[in-house]
Amino acid sequence: MAATILDIADGVARLTLNRPERHNSLVPDLIDSLNADLDHIAPVRDIHAVVLQAAGRSFSTGGDVAGFYAIPRGQRRAYAEGLVGGLNRAILALLHLPIPVIGRIHGPLTGGALGFLLACDLAAIAPQAFIQPYYTEVGFSPDGGWTALLPARIGAQRAREIQLLNRRVSAPEAVQLGIATALVEAESLDSTIEGWLVALNTKQPGSIARTKRLLATDCVAGLQAEQQQFLEQIDSAEADAGMARFLAKTA
């Protein structure tokens, strides 16, 4: 089964995270597949929008803790370097596309998967969805833009509070904070997004591209710093014990 599915029709690229049995948690196969799809989308001139969505109950639960824990200590840094580096590449590719990227957030979104939402220009979120970091619970260092992108969106102090206390952000609060665009009942997500696509199709593509370019956040250094801190933390005894506790709780 493909880790991501790319469907292009009527000028819209629908990109689906497709690891539902593991809540679309992030592993190298999924990240590599996502980046290959984004490489395919970038040069296609007939595509005027991207819809980023996911299969199954969750949007994505971020890095696969079981996947990290299965790697012996001493080797986790190399695994994390490829995974977080690939995630950063995907976030930057989404941010730098000259066409609108729309997020369809139908379920839980945690950990580094937040970067996908932060890279969207518009996002519809269902009431049952939520956002939560989990880093201080598991013993990981933040990635996926939690420090590189989120503070600019919601303020540094609120970003600190959410991350340090591992506080859950509900779907209504996500809209209130400006992390998502609209709170939409699950059964209306597709019709809401279709309405946005119709409206966007009436706009001038050059103007959209320049607007996106001017609004783009210069987050490369921040994402690189996240990656470095993640690599330094992942092989620690603290992270090892934290992963064991987390996996025992969720078994």
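**Entry 1: Phe68.** I looked up the contacts of Phe68, skipping neighbours within four places in sequence. Phe68 touches Gly63, Arg76, Tyr79, Ala80, Leu83, Phe140, Phe230, Ile234 and Met243; contact means heavy atoms within 4.5 Å. This is a predicted model, where local features need pLDDT of at least 70, side-chain atom pairs count only at pLDDT 80 or more, and totals for chains, interfaces and linings use all residues. Residues are numbered from 1 along each chain as its sequence is written, and side-chain values use heavy atoms, with hydrogens and water left out.

**Entry 2: cores.** I went on to the largest nonpolar core, which has 67 residues. Such a core is a set of buried Ala, Val, Leu, Ile, Met, Phe, Trp, Tyr and Cys residues joined through side-chain atoms within 4.5 Å. Buried is under 20% relative accessible area, exposed over 50%, partly exposed in between (1.4 Å probe, protein chains only). Phe68, Leu114, Phe116, Phe140 and Ile179 have the most contacts inside this core. Helix α3 (residues 76-96) gives the most to it, with 10 residues. Helices are DSSP runs of H or I, at least four residues, and strands are runs of E, at least two, numbered from the N terminus. Another core lies apart, with 12 residues, including Ala124 and Val184.

**Entry 3: rings.** I found 6 aromatic pairs. Rings of Phe, Tyr and Trp (its six-membered ring) pair if their centres lie within 6.5 Å; planes under 30 degrees apart are stacked, over 60 edge-to-face, the rest tilted. Tyr135 and Trp146 have ring centres 6.2 Å apart and planes at 80 degrees, so I logged them as edge-to-face. Tyr135 is in helix α5 (residues 135-138) and Trp146 in the loop between α5 and α6 (150-154), so the pair ties together parts 11 residues apart in sequence. Trp146 is buried at 1%. Tyr135 is buried at 6%.

Next came Phe140 and Phe230, with centres 5.4 Å apart and planes at 65 degrees, so edge-to-face. Phe140 sits in the loop between α5 and α6 and Phe230 in helix α11 (residues 220-234), so parts 90 residues apart in sequence are tied together. Phe140 is buried at 12%, Phe230 at 3%. Phe68, Tyr79, Phe140 and Phe230 form one aromatic cluster.

**Entry 4: Thr4.** I checked Thr4 in strand β1 (residues 4-9). Thr4 is buried at 5% relative accessibility. Its side chain makes a polar contact with the side chain of Asp37 at 2.6 Å. That term is a pair of N or O atoms within 3.5 Å; within protein, one must be able to donate a hydrogen and the other to accept it, and residues adjacent in sequence count only if both atoms are side-chain atoms.
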